[in-house]
Amino acid sequence: MHDSLERNFGLVVAYVVPGFVCLAGASRYSEPVATWMSVDPTSSPTVGGFLYVVVASLAAGLVVNAFRWVMLDSLLHLTGLVPPRLNFAHLQRHLEAFQLAVDHNYRYYQFYGCMVLASAFYSLADQWSHGMWSPCTLCGWTVVELILLATSRDCLRRYYERTGQMLGQVGGVPD
């Protein structure tokens, strides 16, 4: 049970939260999305409305994750972060540790990396619809983006190190 809860939490963090931020940005331009995201104060929220937003957030999060893979992974590899050539012949023996590395490092990398892109999308959508942010707000947003970017790089670095340690490199043996 605990294992399943932890894994599901990682998936929510990696996909649903960044997708929700993108939906919030899209709500600036799409009346249907704005309707999904809003709750009339005089009425109670519905289970159907909640599920609709969750499923739409998941779908948006998966799309953001694809952009993260194309854009951010390439950028981080240009900074000297080298993905290990893992020897998956050792995976069965280290499966539990590998799953922990995914849950504790890679899912958080996905969250931070996707949030870099989702936050950028939201900021552009908000500024396009409401005008430029104040210099103070732009500065604060830039600081948050840089922190998310640095944290995503660190999570990916730890994931690469830990999976490389347990599975070893192709042609090598695990430590």
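Let's start with the side chain of Ser123. That side chain reaches the backbone oxygen of Ala120 at 2.9 Å. This is a polar contact: a pair of N or O atoms within 3.5 Å, where within protein one must be able to donate a hydrogen and the other to accept it, and residues adjacent in sequence count only if both atoms are side-chain atoms.

A word on the source. This is a predicted model, where local features need pLDDT of at least 70, side-chain atom pairs count only at pLDDT 80 or more, and totals for chains, interfaces and linings use all residues. Residues are numbered from 1 along each chain as its sequence is written, and side-chain values use heavy atoms, with hydrogens and water left out.

Back to Ser123. It lies in helix 4, residues 95-130. Helices here are DSSP runs of H or I, at least four residues, numbered from the N terminus. Is Ser123 buried or exposed? Buried, because its relative accessibility is 2%. The cut-offs: buried is under 20% relative accessible area, exposed is over 50%, and partly exposed is in between, with a 1.4 Å probe and protein chains only. Leave aside neighbours within four places in sequence, and Ser123 is in contact with Trp133 and Trp141. Contact means heavy atoms within 4.5 Å.

Next, helix 5, residues 135-167. Its 33 residues should span 48 Å at 1.5 Å a residue, and the end C-alpha atoms are 48 Å apart, which agrees. The expected span is 1.5 Å times one less than the number of residues. Which elements do the buried residues of helix 5 pack against? Helix 3 (47-78) and helix 4. Among those buried residues are Leu148, Cys155, Tyr159 and Thr163. Thr163 and Ser123 are 40 residues apart in sequence and 35 Å apart in space, C-alpha to C-alpha. After helix 5 comes Gly168, with a positive phi near 75 degrees.

Now the rings. The structure holds six aromatic pairs. Rings of Phe, Tyr and Trp (its six-membered ring) pair if their centres lie within 6.5 Å; planes under 30 degrees apart are stacked, over 60 edge-to-face, the rest tilted. Phe88 and Phe98 are edge-to-face, at 6.1 Å centre to centre and 80 degrees between the planes. Phe88 sits in the loop between helix 3 and helix 4, and Phe98 in helix 4, so the pair ties together parts ten residues apart in sequence. Phe88 is partly exposed at 47%; Phe98 is buried at 14%.

Tyr106 and Tyr159 have ring centres 4.8 Å apart and planes at 45 degrees, so that pair is tilted. Tyr106 lies in helix 4 and Tyr159 in helix 5, so the pair ties together parts 53 residues apart in sequence. Both are buried.

Technical notes:
Helices (H or I, at least four residues) and strands (E, at least two) are DSSP runs, numbered from the N terminus.
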